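Here is a short briefing on one protein model. Look over the sequence and the structure first, then read on.

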Amino acid sequence: MAANATKSTTFTGNAGRMGKVADETAKPGRARAERLEVRLSVAQKSLIEHAAALTGRSVTDFVLTAVQEGAAHAIEAHQRLTLSVQDGRALVEALVTARRGG
């Protein structure tokens, strides 16, 4: 297969919940009902497999952990930005109100 060819790889997991993946994968009674598919290059797949092996985890666990951490970070960054904008508006409103005399 050519170096830039893509291969369909399926990673399964409960993509609808936030939380620590390690906790979910450590409980054998928990069924994973959701499925997530990604297309990636041979080089990307090899990189992920290598990283998972270095950490002693399955590819699924490695990918789920990385994706959940990335999602949590993106949500947190968005919320922080949203709160900063709201706080900025509240500050401007307070300054305008104070300048008018209350």
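In helix α3, Asp61, Val63, Leu64, Thr65 and Gln68 are buried, meaning under 20% relative accessible area with a 1.4 Å probe and protein chains only. The model is predicted: local features need pLDDT of at least 70, side-chain atom pairs count only at pLDDT 80 or more, and totals for chains, interfaces and linings use all residues. Residues are numbered from 1 along each chain as its sequence is written, and side-chain values use heavy atoms, without hydrogens and water.

**Helix α3**
- Helices are DSSP runs (H or I, at least four residues), numbered from the N terminus.

**Where α2 meets α3**
- The axes of α2 (residues 42-55) and α3 (residues 59-100) come within 9 Å and cross at roughly 100 degrees; axes are lines fitted to C-alpha atoms over the stretch in contact, with angles from 0 to 180 degrees between N-to-C directions.
- The two helices are therefore roughly perpendicular (65 to 115 degrees).
- Ile48, Glu49, Ala51, Ala52 and Thr55 of α2 contact Val59, Phe62 and Val63 of α3 (heavy atoms within 4.5 Å).

**Confidence**
- The average pLDDT, the predictor's confidence in each residue from 0 to 100, is 78 for the protein.
- Of the residues, 70% score at least 70.
- Among the elements, α2 has the highest mean pLDDT (98) and α1 (residues 21-25) the lowest (43).

Note on methods:
Parallel < 35°, antiparallel > 145°, perpendicular 65-115°, else oblique. Buried < 20%, exposed > 50% of the residue type's maximum accessible area, 1.4 Å probe, protein only.
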